[in-house]
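Please look through the model below before reading on. The paragraphs after it go through a few places in turn.

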Amino acid sequence: MLHCLVSASGTVPKAMSKPATGNFDRGPVIPTTPLVTFLEHVQETALATFGQKDFDPKLYVDLSLKSNLSTTVTAFHKLPRNATGSVSIPDFKEFMHEYFDGAGNDLVYAEPPDFVPEPDGFLPKVKNPQVRAWALEVHALWKNLSRRVSCSVSERPEFHTLLPLPGPVVIPGSRFREVYYWDSYWVIRGLLASKMYKTAKAIVTNLIYLIDTYGYVLNGARAYYTNRSQPPLLSAMVYDIYNRTGDLDLVKKALPALLKEHQFWNSGIHKVNVQDNRGRNHTLSRYYAMWNKPRPESSTTDKVHASKLLNASEKEQFYRELASVAESGWDFSTRWMRNTSDFTTLAITSILPVDLNIFILKMELDIVSMAQIVGDNKTVESFLKSAQARKEAIDSVFWNEENGQWLDYWISNGTGSQECQRWKASNQNNNAFASNFVPIWIDLFNSDTCIVEKVRKSFQSSGLLGAAGIATSLTRSEEQWDFPNGWAPLQHMIVEGLGKSGSQEAKSMAQDIAMRWINTNYVAYKETGAMHEKYNVEKCGDIGGGGEYIPQTGFGWSNGVVLAFLEEFGWPADLKIGCNGVLL
């Protein structure tokens, strides 16, 4: 039976400061491993011992054992503690050295088989020698980020939170020591610009392995990430690699896995049905992690936030929301809060996100294309219907004609509601987010010149475009997926969508945004010697901040988007690069 979940009241749901009375967590939970549970205790002791300054909780759940778990646990409990639970720093350091290998030691360097310092046909439109030299430095970073999982992981999996994978990986960088799902799409876009097709294919092979093993692609290849996925972009990876290489075997291998992934996002807790104002039922998807405890990689932080809540059921629901926001990749943003000044009002499981449903629509269209390639007419027919139905749902539930944007939609609280009510305009979130413009990325929308022009004008007046790129939101919250931070994936999807359209004004805007983004990446690189995870779009050359960890360098998707932009737009020989070149 289809259940329509729509807010019962005409009030704006995001204005509510607390979940509805009686709301409690009912969703599934994927069990964790004994090692992860133990490492959370180590993490708590480390915080008590070393203090908050420069403390990164993820470090401790990335450790691997030197001895078996029971021996290590016994030694841990024998450590002398004071009243606060802390251990003396010398005692704790000695224990850590004796019983653990360092975080990341179970990943080893892997020489990319297809890396050359300057590939044939590399960025042919980049004519400026200064820009070309920098692009080659960014290209060389693929070597720095290339890893494979050590054989020790498959030999003694119970000693590691890292999961075994069949092939080499490209990691984001810094504290992100493992492969991540949605990061990998933009890493692959950069690898394709770098002509590193084997490396790109290996990443996809690993993600297919995760689907074969778990039924979905994990957030990242760690035992503590098995309870959630991330934005589903595997089909886009396969589609783009095939378009460059014609690798039919990859398509044949990927298609069954993509059918599994589609099922994951369109059943159970991820699936929601909404009835529009014409009485038509639509099926859409939401983020919903299979977890209701502190995230192990941020356990100490999550518990501090949850301490403001009064009872166990509220805390469980809050932990579910935290993990579900992590599944979205936007961790964290006021986009997901009922009250933008209260972090404990995260409520992403009560939101139908525009971008997630666009990714799934793209998956459906990609599956149609791949099924056509392999001659599977039954799948073609089935997924053409799925894509058409989702397109109609997106038009009915998300599109806002007055705003010229697609807006996230708030649904009723709880997962057990049997209510079926009509769509209400007041349940759309009218706040401006970069995600409101992500639909323009896919051809179904960027091929409609009328829609493109409405969206372009709306974007132009949204306030999201800054001196150095597109801001994630207009809310200055200190969360990293809010103003003034700009992120490579959002720049890329909006720019690529505008650039593919038939509108000359949209193409011009796309090039302008790409130039701003390239300039800010270049200046920050020259000043810091690194590519960064995020940037401050208010000021050219300024890196981003905020969030629950210090800004990271490396950085997989930033490298990929810069190379993809340079491949698409090039850089004229006589055009200077640097902050003075930005068109304001």
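Is glutamate 478 buried or exposed? The model is a predicted one, and in it glutamate 478 has a relative accessibility of 59%. The cut-off for calling a residue exposed is over 50%, so glutamate 478 counts as exposed. Glutamate 478 sits in the loop that runs between strand 13 and strand 14. Its backbone also deserves a look: phi of glutamate 478 is near 75°, which is a positive value in a residue other than glycine.

A second residue of this kind is lysine 195. Lysine 195 is not a glycine, yet its phi is positive, at about 60°. The residue belongs to the loop between helix 7 (183-193) and helix 8. With a relative accessible area of 26%, lysine 195 is partly exposed.

The loop that holds glutamate 478 also holds proline 484, between strand 13 (469-470) and strand 14 (485-486). Here the peptide bond is the point of interest. Phenylalanine 483 and proline 484 are joined by a cis peptide bond, with omega about 5°. Another cis bond leads from aspartate 331 to phenylalanine 332, and its omega is near 10°. Phenylalanine 332 lies in the loop between helix 12 (312-328) and strand 8 (351-352).

The next topic is charge. Side chains of opposite charge can pair when their charged atoms come close.

Start with aspartate 62 and arginine 222, which form a salt bridge whose closest N and O atoms are 3.5 Å apart. Aspartate 62 is in the loop between helix 2 (58-61) and strand 1 (64-65), while arginine 222 is in the loop between helix 8 (197-214) and helix 9 (234-245); the pair therefore ties together parts that are 160 residues apart in sequence. Are these two residues buried or exposed? Aspartate 62 has a relative accessible area of 0% and is buried. Arginine 222 is likewise at 0% relative accessibility, so it counts as buried.

Now turn to lysine 526 and glutamate 137. Their side chains meet in a salt bridge with an N to O distance of 4.0 Å. Because lysine 526 lies in helix 18 and glutamate 137 in helix 5 (residues 129-144), this pair ties together parts that are 389 residues apart in sequence. Lysine 526 is partly exposed, its relative accessible area being 46%. Glutamate 137 also counts as partly exposed, at 33% relative accessibility.

Arginine 516 and aspartate 512 form a salt bridge, and their closest N and O atoms are 3.0 Å apart. The two residues are four places apart in helix 18, so about one helical turn separates them. Arginine 516 and aspartate 512 are both buried.

Helix 18 (residues 504-528) and helix 19 (residues 556-569) pack at an angle of about 130°, and their axes are 10 Å apart. How are the two helices placed to each other? An angle over 145 degrees would count as roughly antiparallel, and one of 65 to 115 as roughly perpendicular; helix 18 and helix 19 are therefore oblique to each other. The crossing of helix 18 past helix 19 is left-handed.

Which residues meet at this contact? Helix 18 brings Ala510, Gln511, Ala514, Trp517, Ile518 and Asn521, and helix 19 brings Ser558, Val561, Val562, Phe565, Leu566 and Phe569. Of the residues in this contact, nine are nonpolar, three are polar and none is charged.

The last stop is valine 149, a residue of strand 4 (residues 146-149). Its relative accessibility is 11%, so valine 149 counts as buried. Which residues is valine 149 in contact with, leaving aside its neighbours within four places in sequence? They are Asp106, Leu107, Leu162, Leu163, Pro164 and Leu165. Valine 149 and proline 168 are 19 residues apart in sequence, and from C-alpha to C-alpha they are 7.2 Å apart in space.

Key. Residues numbered from 1 in each chain as written. Predicted model: local features only at pLDDT ≥ 70, side-chain atom pairs only at ≥ 80, totals over all residues. Heavy atoms only, no water. Axes fitted to C-alpha atoms, helices over the stretch in contact; angles between N-to-C directions. Parallel < 35°, antiparallel > 145°, perpendicular 65-115°, else oblique. Left-handed = near helix turned anticlockwise from the far one by under 90°. Contact = heavy atoms within 4.5 Å. Nonpolar A, V, L, I, M, F, W, Y, C, P; charged D, E, K, R; others polar. Buried < 20%, exposed > 50% of the residue type's maximum accessible area, 1.4 Å probe, protein only.
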